[in-house]
Structures are given as C-alpha cells and as structure tokens.
Amino acid sequence: MFKNYFKIAARQLAKQKMYSVIKIGGFALSIAACLLIALYIKGELSYDRSYPTNHRIYRITGEYNNNGKLETGADWPPPMAKALREDFPEVEKAGRLMPHPLFYCAGSNQVKTVANEENTYEVGFTYADQDMLDILQVPMVYGDRTHALSEPNTIVLTKRKADKYFPNQNPVGKLMILNNDKNRIYKVGGVIQDFPSTSHIHYDFWLTMTGYELWKGEQSGWGSSNYYTYVLLKPGADATKFQSKLKLILTKYYLPMLLQDGNKDADQFTQKAKLLAQPITDVHLYSYNIDDGLEKGDIRFVWLFGAIAGFILVIACINFINLSTAKSANRAREVGLRKVVGSHRLSLIKQFLTESLLFSVLSFVLGIFLAALFLPAFNKMFAKTLSIPWMAWWLLPVIIAAAIIIGIIAGLYPSFYLSAFKPINVLKGQLSRGSKNSILRNGLVIFQFSTSIILIIGTLVIYKQTHYILNKKIGFNKDQVLLIQGANTLENKTLSFKNELLKSADIKNVSISDYLPVSGTKRDGNTFYKEGRMKADIGVGSQKWRVDYDYISTMGMKIIEGRNFSKDMASDSSAIIINKTMAEKLGLKNPLGQRIVNGWETWTVIGVMEDFNFESMRQDVGPLCLVLGNNTSTILAVKIKTANTKSVISYVSSVWKGFAPDQPIRYTFLDESFANMYADVRRTGNIFTTFAVLAIIIACLGLFALSAFMAEQRYKEIGIRKVLGASVSGITSMLSKDFVKLVIISIVIASPIAWWAMTKWLQDFAYRISITWWMIAVAGLAAIVIALITISFQSIKAAVMNPVNVLRWE
C-alpha cells in the first residue's frame, strides 16, 4: 500500500514540476536557514562550558550608580584576589588576568626564541596568576600545572604556539625573548591545550605575575583597577549568599581609602556601588552592558535569531500548506473518482500525508546541502567558525525525526482539506472552494510582508548610519595616515628612523605614540582636579595620552586656544593640552595657565583642542588630555602628502629594513583601523539584509500560493467577464488590486514598528541619523513592486485563458 502511495506521490511531483520546485526549494531554503541559525545558537550557548568546574567559577564585576547613569566594569585592583581568598571562606581559589595593552608585554609583542634572530608579531598576551591555571584546570601538554607560573619570568604557551616555536620538542625550560628585551628573558614553564573557540578566555601566551609589579608598590595598592578577577567557590557554596557578602570589600578596603583621600562622595559610595559574582558561563552572553573590553555575544541576539528561526519554519509550513491547497481543483476530480471506486477517506489522508512526507524529506536533503554550501558565508557574516557536526551520533536521528514531524504537521491540513471533497459535487463541477476572502490567508500575507518591510527599513537605517559614521567630520584627519607597528623593537633607534622617514618629500609628518583615536591602541584613564581642590571637588575622569611634539599636526587636530607643544620650551615637560570637554568638566573658563593634578603629578594647561571622537560614536566625546611622553612607543604614524601610497610604502619598507633587517615590517592605515571599529555595525547590516531577502522570498512564496488559489476560485467569474468584453489588463488589475491592498496594510502596520525598533537601536549611538520618511517610502515601494511581480504570473495567466475551457459545462 505504502509503495503505491509513494508511486502516486512521485507522479504528482513530476506532473507539477513548477509547483514542486517552488515547494521543495522554498521549504529547503527555510530549513537551511533554520539549521544555520540552530548552529549559531548552539555555539553561543556552549561558551565556557568546557572547564571541569565551570559551575563553581565566577567573575567579579561591578556596578556604580553615577547620578542615575549606571557604570559597569570588570577591572579590579591588584589586592582584590588576595582579599577574596582571605575574607571569604566560600572561596577556594582566586586568580587574576591582566591583558591590557597599556602595560608592557600585555596584549601583543614581537617574539623570538633565543636561537632565532627574526621576530614574529604575536597577539594574545596576558599576565596571569598561577591560581588561574588551577581555577580553569586547563589540560597540560607539557609541564606541571601546579608550578607552571610559580617562578618569576616564566611563560605558559598554548599547544599551537608551542608547536610553532618549538616543533616536535618539549619546550619546558626553553627561553623566549619579547621585543628584543634581553634583560627580561622568559622561561617556558608549561604548555596547555588550545582553548576552544567557545571560550571567552583565549590567550596564547600567559606571563607570570610572580615577582612582578607594573610599577613599584602597585601590587599592594587599591587606587588602580586593571585586573580581571575570578574565583573558584568551594563545592556546595551558595553563590547568591557569596555575592551578598561582597559588600564587605567596599566597606573594608575602598571606603577607608576614599575617606583618607578626602573624597566628598565617600559616605555614599557603598550605597551607589555593588559587587557581583557573574557565572563564567554567563560572561559571553550576559556582559553586553559591562565595559570590559572583551569580544562577546549578546543573549538578546540569541533570542532574536531563535525567534527568526521559529518564524521561518512556521511560515515555511504555512506556505507549504498554501501551495498544496492552491491547486486543489486539479486534485478534486482525482479525489471524487477515487471515492466513487471505493476509496475511504482515511486512505486518501494517508496518500496526501505520504506526499507531504516525501516533499519534507526531499526538502531536508536539499536544505542540509544548502546549509553546508552557505556555511562559509554564514561564518564570515557572523564572524564565527561554526561547522556541521557530521559525525555526531544525534545528528541523523534528529534530522529524520524533524523531517517526519514537519512533514506530518505541514501535510495535515491539506490532507483533511483535499480528502473532504464530496464526489457528487466534484463530478458535477460544483466544488466549493471556500471563502474568497479568507482572513487567515490575508493575515498571513500581511504578516509576511510586514516583517519584510520592517527588515527592509532596518537595513536602510543601518546602512545610512554606517555611512554617516564613516564619513562624519570627527575632529581629526584619518586619511593617508600610515601606522607602522612594532617600532619599540628599534629600541634607541626610533628617533633616527623617524628622521630618516622625514627625508622623503612625500611624507609630511611623523609622530611616535601608542595612543590613537581608534580601538586597539593604548588608553590611560586618570582622575583630574584643579590644583588645590582635590579634597573639595569631585574629580573628572579623563584619558591621559602620552604623545610627541608632532602628534597634533600628524593627526590633523585643531587647537582652538593656546598653542601646541614646542621643542624650544623646556617647561613643556610639565605642560598639558586638554580638549574642550575637559575644560568644561573641570570648570575652566580661562584654561590657559591653569594647573591641574591627578594625585601624583601637576601640569600647566598650554592649549585647548577642538573635541574629536577618540572612541566609538556610541559614546559622547569624553575628557582628554595630551602630555609629552617617551619614545618607546610601538606605533609610528606617518602622514602622507601624495596619492601614490605605493611608492611611500616602498620607501618606508626600505628604510625599515635598514634599521631592522631581522624583523618584517607591519603596517596598517588609520582610516582602515577606524572603519574596523564599526565592523559589528556593518555585520549587523549584512545580517539584516540577508534576513530581509529571505523574508521577501518566503513572503513571495506565500503570495504566489494565495494568488494561484484566488485565481482558481475566480476562473468562472473571469470567463464570464471575458465573454462580456473585459480586457486582459482590466482582469489583471482586478486580480492584483486586492493583493496591493494587503501590501499597503502591511506598510501601515510595519512602519511604526520599524520606526520604534530602529529608534531604539540608534539610541546606542551618541551620534546618529534621523529616520526620515523616504526610508519608509522606499521600503513600501519595494514591497509593492515585489508583490506585483510575484502575482503578475498568476494574474496574467488567468486573464489570457480561453473562457470556453471554463464555461463549456455551464
């Protein structure tokens, strides 16, 4: 019996080729999208679950209510880990990581072994406590984990880096040199397994904190916060109670320090501040509002994409149903004849369910192929390294079960609908085709097109905002600035290298500084006061950047009051240039000549800069000041004054080779680094575009099915109209206008929703565009054009048919 069912199903598939291609292709496309989204969600939810004791590992974070503005962070003073170990019996171990590139050797370095003269640039360096290895229990490849970082000047490598620098060797005890610094040679203390891609901790080089301080007395002071701090709770410890007790840190350590410094807000500090214990498994997805400098996900996107996957699957099933019932008249006579010769309704239901299952299985097979085909593009769009787990035991059973379940669900309604036709009515030509104005069907079209229009408007807004960000006047000139990396390895030859570059007529300026107005460069936050007002005023948090004499001219920044640094002024060693926002925050109406302090240094203001965006445009311009620094920076900024950048790069490379023959030159351009700050915005735009196209395809499939269904219902009416003289264009217009009305209703519904949603998204940016009427108009017009193209096939087909074929039995 089932063999016959499959034969009939295969014949139907071959008989209606176009409908079969649309049904299987549309269903397969939806399944591929759902599979890819499922892979993404699975990957996001699996972060930091590979650690054996992940359920007991917590990261300490903080919140501070600054006059209604919630400030968050995860950086803590050096003694925090020790205080947690000693003051909280629930804590088994506490450790720290310090990867911030502000400090020497953290972040990135030039690396070589003692047996090799050529440096290799590497990223992924962090200072770490021995306890961090014990907390994470990372498997060791070589060495003893309990002592890997216990000695001064030791380094732990991941396996992939050990294989790179010490192939086919046990590297424990081998020596490595960073940045040509032979006064501080590191000994390899161990090799750990590579961190999985689903870990927010993924450093390849672990530098010991044993016996090392960033500056004298740094490890015992509570005045600076630069360390991520993690704890491992004892088995059975209550994390909620532990978190409630963390207020002790504020009252025991912070409050006395603030009172000693005469801080005005010291008494209110414990009410405004809060310490939290964040499970390590929550760090990746639940830290979107924590300023910790890490690359991370967002649980809101996981829910969004999960909802999109569910929406795609439901709409795919509904479209499948519509396409199945759209050609109901073609199957009605078959059903009538089968019933006349003795077929029962149950056997007909089984027949139609078998057809649905066949379509579902074929769609799943094609969908899996499409998912594998689109996976590289999907990974690129989402900046992931996802893969289909072909060898997983559960994959095949899940796919088979899903194909059967979805096939049955999608086939239930068509099966009962088609098998319910009465033979006498069918064979008399009196088939009732149901309501011509189905609320359900029209609602589906409205829902689909509303979603499509929302996504189209979202795409337009995102691309417009991205264009605005990348082309806005930002207060400095990012064009034609070449950034040469790794200049610190030139040691005392940096100035000579700079002077050699300036001999080229194509180079306008050269500046030496690691502090640049793009992400990934150094930052140094300080609190400033007017001289003599430390105990009376609330301090102003500001960035303090160390630059050279040519920094402002190289970056094209504008001084609006006062002057630039000058080599002729010896007093400029204690001079400072502040931006306009800094002057306003400090209340300096006449800033020139005023003296400001940060607690251990005093500077005299010699100039005020025009504000410029030195962080993401999601933030307002903050206070900033420039002071003269040393020449041990890793970055040289070269301002080019010719369009022939290739010749300049060639010249710079030749000069570099003369100074550093054992080290390849590395360079980028400032405008590229600036654009990379908004890679996530462009990625969001690409995601919206992809889902908008997918939503439009799904909507068009639904509209195609509905137009076919409605045309079949009105064949006799169309025949009569043609006999009475109706034109093809008139009939086409008659059939199309109802669908255009549905799209217009979709525009009315979608526009306020899209405006609200994208206004909320734009609120993340301090500098943003306004949503204008033309964006909504373009999206609406696009939807109408797409709808007309989709329904024109069925409308024209119905309008040009011969009325004799419809009315011959009337």
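A crossing of two helices is called right-handed if the near helix is turned clockwise from the far one by less than a right angle, and left-handed if it is turned anticlockwise. Keep that in mind for the opening stop. What you have open is a predicted model, where local features need pLDDT of at least 70, side-chain atom pairs count only at pLDDT 80 or more, and totals for chains, interfaces and linings use all residues. Residues are numbered from 1 along each chain as its sequence is written, and side-chain values use heavy atoms, with hydrogens and water left out.

**Two helices**

Select residues 17-45, helix α2, and then 345-382, helix α11. (Helices are DSSP runs of H or I with at least four residues, strands are runs of E with at least two, and both are numbered from the N terminus.) The two pack with their axes 6 Å apart, at an angle of about 45°. Axes here are lines fitted to C-alpha atoms, for helices over the stretch in contact, and angles run from 0 to 180 degrees between N-to-C directions. So α2 is oblique to α11; under 35 degrees would be roughly parallel, over 145 roughly antiparallel, 65 to 115 roughly perpendicular, and the rest is oblique. Turn the view and you'll find that α2 passes α11 in a right-handed crossing.

**Salt bridges**

Next, pick out some charged pairs. A salt bridge is a side-chain nitrogen of Lys or Arg within 4 Å of a carboxyl oxygen of Asp or Glu, and the structure holds 20 of them.

Go to Arg160 and Asp204, whose closest N and O atoms are 2.4 Å apart. This pair links distant parts of the chain, 44 residues apart: Arg160 sits in helix α5 (residues 159-165), and Asp204 in the loop between β10 (186-192) and β11 (205-208). Arg160 is partly exposed at 46%, while Asp204 is buried at 6%.

Now try Arg300 and Asp298, which meet at 2.7 Å, N to O. Arg300 is partly exposed at 49%, and Asp298 is buried at 8%.

Then select Arg563 and Asp572, a salt bridge of 2.8 Å, N to O. Arg563 comes out partly exposed at 29%, with Asp572 buried at 1%.

For a network of salt bridges, show Glu122, Lys161 and Lys164 together.

**Last stop**

Finally, select helix α12, residues 395-419, and look for Phe416 in it. Phe416 is partly exposed, with a relative accessible area of 41%.

Terms used:
Buried < 20%, exposed > 50% of the residue type's maximum accessible area, 1.4 Å probe, protein only.
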